[in-house]
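Open the model in a viewer and keep the selection tool to hand. The stops below say what to select next and what is there.

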Amino acid sequence: RTEREEVVWRGRWILAKHTHWRDPSGRMHVWESIERSNHGQAEVDAVEVIAIVRRKGQPDGLVLIKQFRPPVGAVVLEPPAGLVDKNEDPATAAVRELREETGFEGTVRGSSPIMHFGAAVGNTSIRMVIVDVDGDAEVNRHPKAQLEEEEFIEAEVVPIRHLAAHIEQCRADGLVIDGRVWLLSMALADHS
């Protein structure tokens with residue numbers, strides 16, 4: 001069980017901690033971890049958006065983004081995502097992040113339970129939020145992202161039935177694939 005935590009470094013978006021914990025035999029240990037700077041200010045720290053675009057006469061598409069991620073030194077193929085603002089509802093954050101990163105407007109269909117990815121290195125909590133996008137709506141015909149100055153994001157809509165092939169092409173082009181995108185492609189493979 002956790003006995004105490006101490007912050008050893010604090011940055012703009014994350015902080016590093018030493019967590020002192022006791023194992024079942026009673027021995028104390030120190031674990032190094034990271035935490036989002038907004039941790040505990042809302043129900044979850046972040047949202048990932050699974051946005052499905054539907055257009056008449058066209059196959060359903062999944063909205064993905066390509067963004068350079070300095071920790072891996074490469075462009076990553078990933079779902080739109082972002083931090084949840086203080087006291088912001090995850091569904092509201094998902095719609096906001098989708099608009100900011102891709103320009104698309106959508107309606108929340110549902111969301112995952114609270115989940116943690118990378119629990120060995122941090123305590124970031126997220127909800128994956130499913131958003132339906134009416135691709136025939138005027139606002140979604142020529143979407144324009146509302147990026148922050150330090151964001152360089154390329155948004156795309158990938159037909160779900162071509163998602164696995166698209167991932168392989170992105171890998172061949174040198175992109176890093178976010179694991180959740182690959183899992184989505186496997187889960188949706190029989191449903192496209």
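## First stop: N87

Select N87, which is exposed, with a relative accessible area of 66%. Buried means under 20% relative accessible area, exposed over 50%, and partly exposed in between, with a 1.4 Å probe and protein chains only. N87 lies in the loop between β7 (81-83) and α1. Helices (H or I, at least four residues) and strands (E, at least two) are DSSP runs, numbered from the N terminus. Check the backbone here: N87 has a positive phi of about 65 degrees although it is not a glycine. Most residues other than glycine have a negative phi.

This is a predicted model, in which local features need pLDDT of at least 70 and side-chain atom pairs count only at pLDDT 80 or more, while totals for chains, interfaces and linings use all residues. Residues are numbered from 1 along each chain as its sequence is written, and side-chain values use heavy atoms, with hydrogens and water left out.

## The whole chain

Zoom out. The chain has three helices and 12 strands, and its C-alpha trace spans about 65 × 35 × 30 Å along the principal axes. Of its 192 residues, 41% count as buried. The chain exposes about 11,100 Å², with carbon and sulfur atoms supplying 53% of that area; accessible areas come from the Shrake-Rupley method with a 1.4 Å probe, and for residues only the protein chains shown count as cover. Among contacts between residues at least 6 apart in sequence, 56% join residues at least 24 apart. Contact means heavy atoms within 4.5 Å.

Select E100 in helix α1 (residues 90-102). Is E100 buried or exposed? E100 is buried, with a relative accessible area of 17%. Leaving aside neighbours within four places in sequence, E100 is in contact with A145, Q146 and L147.

Next select K144, in the loop between β10 (125-134) and β11. K144 counts as exposed, at 66% relative accessibility. Not counting residues up to four places away in sequence, K144 touches R99, T102 and G103. For a distance across the model, pick K144 and K17: they are 127 residues apart in sequence and 38 Å apart in space, C-alpha to C-alpha.

## Strand β10

Move to V129 in strand β10. V129 is buried, with a relative accessible area of 0%. Show what surrounds V129: beyond four places in sequence, its contacts are V47, E48, V49, I50, P90, A94, V108, G110 and S111. V129 and P71 are 58 residues apart in sequence and 25 Å apart in space, C-alpha to C-alpha.

## The nonpolar cores

Select L62, L64 and L77, which have the most contacts inside the largest nonpolar core, a set of 18 residues. Such a core is a set of buried Ala, Val, Leu, Ile, Met, Phe, Trp, Tyr and Cys residues joined through side-chain atoms within 4.5 Å. Which elements give two or more residues to this core? They are β4 (46-54), β5, β10, α2 and α3. Apart from this core lies another, of 15 residues, among them V44, V47, V49 and V63.

Return to L64 and display its contacts: leaving aside neighbours within four places in sequence, they include L77, P79, P80, V158, L163 and V181.

Colour helix α2 (residues 163-172), where L163, H166, I167 and C170 are buried. Seen down the axis of α2, these buried residues fall within an arc of 100 degrees, so they line one face of the helix. The arc is that of the directions from the helix axis to the C-beta atoms. On the other side of α2, A165 and A172 are exposed. The cover over the buried residues of α2 includes β5 (61-69), β6 (74-78), β11 (153-159), β12 (176-177) and α3 (179-188). Just after α2, G174 takes a positive phi of about 95 degrees.

In α3, select R180, V181, L184 and S185, which are buried. Seen down the axis of α3, the buried residues fall within an arc of 145 degrees, so they line one face of the helix. They pack against β4, β5, β6, β10, α2 and β12.

## Last stop: R180 and F117

The charged end of R180 sits over the ring of F117, 4.3 Å from its centre. The rule for this asks that NZ of Lys or CZ of Arg be within 6 Å of the ring centre and within 35 degrees of the ring normal.
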